[in-house]
Amino acid sequence: KINPVSLFSPSRPWLLADDRLLRKKVLEAGPERAPCPVWGQEVTLKMQGVLEDRTMVEKDCKLVFVIGEGDVNQVRGILNKHSSTHTHSFLQSTYPDIPPWTPILYQLQLVEIRDKPDPLSLPISDRIRIGNQKRERGNFCFQREEYSMAAQAYCMALDITELVALKLLCAPEEEEEVNDYRVKCLNNLAAAQLKLEQYSEALHTSQDVLFLDPNNVKALFRKGKVRVRFWLDILDIAPFTPGISVFWLKDLDQAL
């Protein structure tokens, strides 16, 4: 039986990353010609992470994700991209919820590789489940102030339940569930766009929310916030810009 604490020694795992924060050691290799996952494929693995004192950080006996879509910590994605089926590895790295520079030892076993399923072939409930995983990943990035990655995750969550396709495939009883899901994703996306100072995009996203839910408080607030931002910018440049008149400003206000 391997003692995980002994593997924390920097001399044991071989170096994988240039920044020396990520090291990997294969404990049990897969078959000689076992396939390796590629970008865009879905993988299943067993995973557990421990601290040096053997405190359990996380454990999942059936973690499923698509490589390259940002659904999981980048550490696990890198490992699985470089592993073959049934490879059993230890991975040493850092984790965002642990104090800085605290090492974590991940024991990962790649169990299965398969092609990513076509979202249009899945039932609505499965699409919402997958989309919620991406939305939660976006929330994780948002909390870490990685707003660009958060916006990307929210966009992927919305793509899975594209409204045009759903109108053709949705049963009447599923429409409310789909609308609620899309309102959550759109509101989260608008929040990330505001943080990125993408005011036009945030305005359009908030209007999409209001199309589905005209009285949505978050969307109304963000739309008002963008309007104030636009007006402040206009008032800053108006005294120095010929052609900006009161009538032009009224037209702009109606457009917003």
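**Close-up 1. Buried residues of helix H6 in the predicted model.** In H6, the buried residues are Ala202, Leu203, Thr205, Ser206, Val209 and Leu210. Viewed down the axis of H6, these buried residues fall within an arc of 165°, and they therefore line one face of the helix. The structure shown here and in the following views is a predicted model.

**Close-up 2. Span of helix H6.** Helix H6 comprises 14 residues, residues 199–212. At 1.5 Å a residue, H6 should span 20 Å, and the C-alpha atoms at its ends are 20 Å apart, which agrees with that expectation.

**Close-up 3. Salt bridge between Arg114 and Glu42.** The side chains of Arg114 and Glu42 form a salt bridge with an N to O distance of 2.8 Å. Arg114 belongs to strand S6 (residues 104–114) and Glu42 to strand S3 (residues 42–50), so the pair ties together parts that are 72 residues apart in sequence. Glu42 is buried, at 14% relative accessibility, whereas Arg114 is partly exposed, at 24%.

Close-up 4. Glu112 is partly exposed, with a relative accessibility of 38%.

**Close-up 5. Salt bridge between Arg144 and Glu146.** The side chains of Arg144 and Glu146 are joined by a salt bridge of 3.5 Å, N to O. Arg144 is partly exposed at 42% relative accessibility, and Glu146 is likewise partly exposed, with a relative accessible area of 25%. The count of salt bridges in the model comes to three.

Key
Residues are numbered from 1 along each chain as its sequence is written. This is a predicted model: local features need pLDDT of at least 70, side-chain atom pairs count only at pLDDT 80 or more; totals for chains, interfaces and linings use all residues. Side-chain values use heavy atoms; hydrogens and water are left out. Helices (H or I, at least four residues) and strands (E, at least two) are DSSP runs, numbered from the N terminus. The expected span of a helix is 1.5 Å times one less than its number of residues. Buried means under 20% relative accessible area, exposed over 50%, partly exposed in between (1.4 Å probe, protein chains only). The arc is that of the directions from the helix axis to the C-beta atoms. A salt bridge is a side-chain nitrogen of Lys or Arg within 4 Å of a carboxyl oxygen of Asp or Glu.
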